[in-house]
Every structure is written in C-alpha cells, then in structure tokens.
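Please open the structure in a viewer and keep the selection panel at hand. The stops below can be followed in order.

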Amino acid sequence: MTATVLPRAVEPAGFTKSIREPILPLPKTLHLDEAKVALGEKLFNETSLSHNNTISCASCHAFSTGGTDRLVHSKGIEGQEGRINAPTVFNSAYNFKQFWDGRADDLNGQIDGPTHDPVEMGSSWEEIVGKLNASADYLAAFGAIYPDGIRAENIRDAIAVFESSLVTPNAKFDRFLEGDQNAITADELEGYRIFKSVGCSSCHQGMNVGGNLFQEFGVMGDYFKNRGNPTEADNGRFNVTRDKADMHVFKVPSLRNVALTSPYFHDGSVKYLDQAVIVMSKYQLGKQLSEDEVRLVVLFLESLTGEYTRYGEK
Amino acid sequence: MKTRIKQLSIGLGMIGLLTFLFIHTNSIDPSAHDSYRNNLHRMKDLDATIDREILKSRYGLTSNYDSLMSDLQELLNLRQYADDIPYFVQPDGRGEISGQIENYYQLASSKEKLIELFKSRNAVMNNSLRYFPVSASRVAAKMFQDDGASVEAQSLNEVLRETLIFYVHADQRTADQILQRINKLKQFEHDHPSSANLDELDITLRHATNILKYKPELDDLIEQIVSVPTRAAGTDLINNYDLKYNEAVSRANYYRLSLYLFSILLLVYAGYFVVKQQKTKGELNRANENLEQRVDERTAELVLSNETLTVEIKERKRMEAALSGARAFLHAVIDNVPNLIFVKDTEGRFVLANQAIADLLGTTSQAMIGMSSDDFGNFLGEDGNNDDIEILQNFDEKFIPEEKYTDQNGTSRWFQTVKRSLAMEDQGERFLIGVSTDLTERKLMEGQLRNAQKLESIGQLAAGIAHEINTPTQYVGDNTRFVRDAFGDFSSILGKYGILLESARSGSVTQTEIIDLKGEIEEADLEFLLEEVPKAIEHSLDGVSRIAKIVQSMKDFAHPGSTDKKVADLNRAIESTVTVAHNEWRYVAELETHFDRNLPLVPCFLGEFNQVILNMVINAAHAISDVVGDGSNGKGKITISTTKVSDLWAEVRVGDTGGGIPLEAQSKIFDPFFTTKEVGRGTGQGLAISHTVVVEKHNGELTFETTPGAGTTFIIRIPLARDPAAT
C-alpha cells in the first residue's frame, strides 16, 4: 500500500523573493480515489467501529464544530471521559505527526489509537472487521475497491484517504496570501504583523500554521507548575520517547480554523482564543501582549478559518 | 533403445543448459535497475536538500519548515522502495545492501531526531533573538528612568551588545562575561523587589539566557545533523549497489559468454557431425547404391505386382461386368418369364417384381420397388386377407390354385399363385417370394378341351345315333312305299268305280263293268289295303316322331352352353342324354331312370351338365361291358336317379353293375389323363372334366361309391340356390 501523496507547499506567485512569508496557503485541489473517499466517509460516521456501536470518528470530530467536539476531554463509550483534548481532524493530513505527542507518523497510523483506546471506542480490529463483514453494503463497497475485502489495513486506508480530503482552503488569509490584498482587513493584517513580530510564527508557520514541529510547552515559564494538577498527558512526547528532553514537549498544533476549535491546548484548559493567545505569549514567547495586540492577533487567527467542501463537490 | 534415451537425455540437458544460460543472460531488468538507482539517488539528493533546508532555516532564509518536513517525509517514505532490492542482485549482495539500508535509515532516524530538536530550539532561538534586543533596550531604558539604575541599565545594554556578538561569534569567554552580568542583574532584581520592571527584566534575561544556551546548542545540532554520515552511507549504498549491479552485469555477461561458447561448442559438435557425415557419405553412397538397387528391384516388383493388379483389376472389371451382365441377364430372364414374380421384404414392401406383374398392375417393375400390395388395391394371392407375415414367420407356403383377378382394363383373368418364404442367410433377412401363373389361357383351353370332348362324344355317339335314326327311317320309307303302291291300287279301283258310276247314272250298267270292278278289287286285295295302309301311316308317323326325338336329344345334348348358369330341368336333360347315348349302352345294359318329379329347376350350365351325365353313362356302359362282354350272355344295368336331398342340394346318382373301381385307382380317377381303358377308348379326360364342371363350375360335389365286383355309383350334387360365392 502506497502512502497518499500530499501536495507540497507552494509559494504563491504573489510572493516576492525578498519577503518570505512564514505561512503558506492550503492547496485547493486534491487528487484522491473517490471510491475510497466515499467508503472512508461512511466508515468515519460508522458507530460500529466502537465496541458498543455508539461512537464514530465523527462523534468527536464533528465537521459542524471545526472537526472537534468542543469538549475539554472527549467522551468515549459508556460516557467515559478521555485524557486529552481532541484535536481537529481538518487539515490533519498536513501535520507531520499525529496526536499531541506525535506518536503516529501519519493518518493511517493514528486510526488504531481512538478505535482501540478503551476509554474512546474500545474496539479491536477483529471486532470491527467482524461487524463490517455482516453488512452486505460494506462487503460490496470493500469488494469493489480492495481485492482482499474487509481487512484492518483496508479500513485504515479508506478512513485515511477520506481524512486527507478534509482540507479547508479559501480562508480569507489564504486569499490574501494568494495576492488578494483586500481579502483581509487592516486589523487582521496588523494582527498578522504582530503574530510574526512577537515570534508566534517561529513555531506556527507553514501551510498548516503549525503542525510541523515539536515544542516544549513552557519555554519561557513553568506552565504546568502554575496550572497545577499534573496528568500523564502533560508529559507530552516523553510518553513516547521516554527521553527527559521530551518532557512537556507537544506537537505544535495547526492554527487553521482555530477560532472554531475551542477549548484550547492539550488539556483544553482555555476556552477563549484571546486567553489562549495570552497563555501562549506568556509561556512560549516570554511576552506580555497588550489587550489591543491580543485583539488584533485574534482577528488574524479568525481569518485562518477556511471552507470545507466534500470531496468531489463544488 | 538405450541409445535413444541417452540421446534424448543429452538433448534435454542441452536445451536445459541453453535455457539456463539464456535466462541468466537476460537476468537484468534495466527498468528495475533504473528505478532503484534513481530512488537511491533521490535519497542522497533529499539528504543534501534537508541539510540545506536546515541551514536556510537556521539563518532565516526560510521562515517555515514545510519544505524541510516534506523532504524529510519523502526521504523516510523512500525506505519501502529502497528495501525492494532488484532480484538480479545475488542473495549475499542483497543481505549486504539490506544492512546498508538499515544502517542508512538508522542514521536518517537519528538525523530526524536532531532535526526535531533543531526545529524546536531554532524556534525558541529565533523568538528570543527577535525579541531580546527590543525587550533589553526597553527594560534598560525603564530601569534607568524608573529606578535610576544607570549601572544596571548600562550592564543590560552590555548584555545586549555582548549577546549579539556572542550570537555572531560564540566563544566561551564572552559567554562567561554575559553570564556574570546576568547574575549581577539578577542580584539587582533581588535587591530591588519593588521595582516595576522586575518581570520584564526577568523575561529579558531569560531571552538572553536562551540565546546563550541555544546558540551553541543550535550550532552543535547543525554540526551534528550535517555530520550524520547519511551522505557517506548513501554514497556507500549507491556504490555498493553499483558494484552488485556490475557484478550482476558481468555475471550476465559471463553467462552470455558461456552461451556463446556453448553455442560455438554446439556448432563445432554439429560441424563434427557434418564431417562425420561427409566421411560416412561414401558408405552412405554405397548403401545408397545398394538402396537404389533395392529400390529398382522393389520397383520392378511393384511394376510386376502392378501389372498383376492391372490384370486383376481387369479381371475384376470383367467379373463385375459379368456379374452386372448376369444380373441384367437374370432380370431379363425374370422379366421374360410369363409368370408373375414378386418378392417382398418382411415389411411387405416389394423388393423385386418382374415385367409381367408390372404389366398386369399397369406400372413398371422399377416403380413397384418399395411399394406394398396395399398400394394396388387388391392383389394376387391374398384372397382378401394378407397372410404374408404368417408365411414369413412359419416358413409356410401358400398355394392358391385359382383366383379371378380383374386387371386394369376390366378384363377378368385367372391366376394360380404360390407364395413361400425365402431366408437369405447372408443377408440375415427373409423374403416372401410369390409366383403367379396366368391360368386364363389354360382356362380357355380347358373350355375348348371340354368342347372337344363333347364333340368327341358326339363323334362317338354319331354312329349309334345314325343307327338309331336309320331304323325308323327304313321303316318310314318301307311304309311310305307301301302306301304309295296302295294308292296306285286305290286309283285303279276308283277308276272302275268311276265308269260304273257313269253307267249307273245312264242306267246302262253292264255285267262286264261289274265283273271288271270286281276283278280289280280282288286283284288289288282292297280289304288288306284298307286294313294295312292306316297302320303303315301310323308306323311312319311313329318313325318320324322317333327320329324327331333323337334329333331333339342331340340338339339338347349338343347345346353349346352359355357363360351364365340358367335354370334347367335336370330330369329332361338326363333323359335327352340317355337317349342320345342309347346306342352306347343298349347292347350291354338295361337302363332305368328314376326321376324325382318334384325336383325343382336347378341353376346350371346345362351343356356341361349333360356332358357330365354322358360321361357317367358311357363310363357305366364301359364298366358293364368289361363284365358282360358283348351282352349276348345277359346284360348289366344302369340306374339313374334324381333326388332333391335337401333344400340345398339336387342329387343325381348314376349307378352301374360293372366291376367297381380298384382301390389303387380310387384316388386317381379324377386326375386328368388318368384312364384304365385301352388306347382309343377314352382320352382320360372324362372324369377330370366332370370333376371340374361339378366342383369348380357348379360348386357342387362329385363323389363315388364303389364295391369291387359289384359296381360303382357316381353321386353328383348340385346346389339348388344360386350360390352367391359362385363366380
């Protein structure tokens, strides 16, 4: 099985060579297998993927709420509470790793996580394959795409291909990047300037405005000490590598659609975006932004909200 | 045989070897090689690009990590292609390359880790580097202004300046100096806890510390990243792969060479055979000559046998022609036989028919084949029901002595048919053969014969009849002559009476006249005449009557008959016949007739019936004459009686007092030409014809009762009714 090839980030034609913007627009066209996208979408909404048939991927990654559930911690089967804030599924294909701690290399690799986690969907491949095999629809749909029928790797592939289609281009800011000077307001543009100048874009850069590096949470201050109640999830990438240097290190999240994905951070500790901007500038940048600066940065962040169109639809 | 197997094994071995060499010659797939080598080079290129991207990120030439991460991702993804080592690399080479790939990706993985750390540190570094100068300047100004801490402000500015210098050219001495100043500034924080600028100063110092900390770390990271020997490992991998590839190529070349050599060897071997063949050509020639000679001989034989064959063929043709001729001959014979010949198969279909039957049926013998008798309406030899199957199954034979058949033209003809089954063993089939003989002519002949016999009888009878007629004729003549003489006397007397009458009327009767008359009467013996003349006339009439009766009997007997039966009085017929035959029996026998006066008229062919009675009477007379001789010593007796025995039958019995019929002759007496009489006395046809007439023509019965030494009675029974079955 070959990995889905994603479009490389391309600098828009409007860019001048001397000023290299840290942020790049999302691609507008994708080339995916339509049948797999359709099957993946069905699976994405399939509650049979959970042990008690109550939870689907879409339960925690609802498109109407920015690809998240807007909960501090997601609710798994039988009302169990998760340990970490659910990240958005939108544009996740452009994250260099999956999960807050980056323990999966790609979308294919991350699916075992939620499906098998006892407090999330609490199922197993054996169970899932068994359930899907009982459905004539799935037998036909898989049979049409995969010669070997319903198998774990095929389910993963279909879902991953579908998730690759969950891209939100045409954000106002992207249109600006592509040369439309009137796409964003002066305030939003000012917010962007502050975003860059105070150092946000040191980490939140690239096509996904983040999502392509790890960073310690609390570079300029001890966030966890100040917050209190440390959890295992707070260890971040340390849980993966067991390297002390990775303590409190997380994947820098994408800021695309950030206005829609409250609450914020891995612990969902912040409900509003301006607060998140303040926390970030304090613990990551060692800065105290003025109220106005925060307001402008939030305006800029809001301009990163894109549009989701189902694959194949105009 | 063994040599054969050996040759076959060698042949198969050679083919196997050639195949082996050929496959190995073509073992290198250029496209697989190209694709694999391109991937290896791509890995190397990506590795170099990643290094470049790192440096660009480090020195701010790029402000995002997308390109870097894309390249890194691609590099890591390439592993699956790298692991797919082309098959033409030998197993040990594959193991080697596999190890190298594993090594390469371990290096790549450690490089990835360094890159992750680099990105994190670089982000913080960039942030601090960007913010520290602004922050430091501002805090320094505020401290100077708010706290009057000119020394500390000065010191902070120094930290700023030195940190920037450190950033450009990091060395430990500068770092130590900066750390000293930072510690002094922290002392200030400690000494001035109320200062409003403490927080900002603290953050500013943290940025400075970050720069101090991360600048060397970043330099070190870059150094480490760049020094990860991926490049060397990649180069080694490519070189080693090239080596293995070249080995594979030279191996293929070696096989190619081997193939050539083997081919040359084969050519030489073939050449050797050619030479050997050349050498043996002499022998071959000799053998060839020998062979030619043998061929000639064989050809001669063949020519001979060909001639024989030709002769045989000619003979065969001749035989075929003969056979065909024989067949035609046979057909001609069958067709020329006047009898009707037909052959049917078990299904009742004609398989053979001759011209005669075809003519009768108004068709051709060819057209009849395959048809059945049903196709012709009525058919010969079937009497209304076809019993062919029975005949075939039981190997029966059926004989139909006589049957009437009306042909196409409505002419009635008579046939006699014999049918019998014929089993053709070689054909495993049975056939029904039928032969019909046309009796019509014979019938005609028989009629004629019967007529002739009648004539013969009449001839025989003629003498007797002449005698019968002669006797009355004689005395009729005598009496007539007597009457004529008497009439002369009567005329003389009557003349005298006339004279006397004249004399009497004149009254002058003279005695003379009376005496003359008297003399005349006495001379003529008038009294005798008047007595005898009526008798003579009476006898003459009787004689004439007798003659008339004989003539009438003859007429009756010689009645030519008709084709149809007519009712007749048998009694009268018998009487006539007896009369006609009078002269035949009168000398040897008395004849009595006992006629049943109540016998009704009987339908019969009268002429033929008369013939039968005549035959019976003559036979009876002959039988009696055999016993009584000429009759001078007593006569025999013939008794003829008629009786109506029932409502159905009229019976005529003709009995004689002859010698009877000897036992040995009893069964043959109705056979034609059977006779016990001496030559000239009978034709032997009498009883045979009688039998035919009674039995066949009248559907009657003809039997006899005989007692040797005592006599024979023939019994003729004729049906009283017009028999509907009678034809």
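The tour begins at the contact between two chains and then turns to individual sites in one of them. The model is predicted.

**The interface of chain A and chain B**

Begin by selecting chain A and chain B together. The contact draws 32 residues from chain A and 27 residues from chain B. Between the two chains an area of about 2400 Å² is buried, and carbon and sulfur atoms account for 46% of this area. Within chain A, select R8(A), S202(A) and M220(A): these residues lose the most area to chain B, and together they make up 23% of what that side buries.

Which elements of chain A give two or more residues to the side that touches chain B? They are α9 (186-197), α10 (200-203), β1 (214-216) and α13 (273-285) of chain A. Colour α10(A) separately, as this helix supplies the largest share, 3 residues. By residue class, the side of chain A that touches chain B comprises 13 nonpolar, 13 polar and 6 charged residues.

Move on to C203(A), which is in no disulfide; the nearest cysteine sulfur belongs to C200(A) and is 9.2 Å away. With a relative accessibility of 14%, C203(A) counts as buried.

**Backbone features in the loops**

Select S262(A) and P263(A) and inspect the peptide bond between them. This bond is cis, with omega at about -5°. P263(A) belongs to the loop between β2 (249-251) and α13 of chain A.

Continue to F99(A), in the loop between α2 (57-60) and α3 (107-110) of chain A. Phi of F99(A) is near 75°, a positive value in a residue other than glycine. Is F99(A) buried or exposed? F99(A) is buried, as its relative accessible area is 18%, and the limit for this class is under 20%.

The next selection is N229(A), located in the loop between α11 (223-227) and α12 (238-241) of chain A. Phi of N229(A) is near 50°, again a positive value in a residue other than glycine. N229(A) counts as exposed, at 65% relative accessibility.

**The last stop: N257(A)**

Finally, select N257(A), which is found in the loop between β2 and α13 of chain A. At 1% relative accessibility, N257(A) counts as buried. Display its surroundings: leaving aside residues up to four places away in sequence, N257(A) touches F90(A), N91(A), T168(A), L304(A), T305(A) and G306(A). With T168(A) there is also a polar contact, side chain to side chain, at 3.0 Å.

Methods:
Residues are numbered from 1 along each chain as its sequence is written. Chains are lettered from A and ligands numbered from 1 in the order in which they are written. This is a predicted model: local features need pLDDT of at least 70, side-chain atom pairs count only at pLDDT 80 or more; totals for chains, interfaces and linings use all residues. Side-chain values use heavy atoms; hydrogens and water are left out. Contact means heavy atoms within 4.5 Å. Buried area is the accessible area (1.4 Å probe) that two parts lose on being put together, summed over both. Helices (H or I, at least four residues) and strands (E, at least two) are DSSP runs, numbered from the N terminus. Ala, Val, Leu, Ile, Met, Phe, Trp, Tyr, Cys and Pro count as nonpolar, Asp, Glu, Lys and Arg as charged, and the others, Gly among them, as polar. A disulfide is a pair of cysteine sulfur atoms within 2.5 Å. Buried means under 20% relative accessible area, exposed over 50%, partly exposed in between (1.4 Å probe, protein chains only). A polar contact is a pair of N or O atoms within 3.5 Å; within protein, one must be able to donate a hydrogen and the other to accept it, and residues adjacent in sequence count only if both atoms are side-chain atoms.
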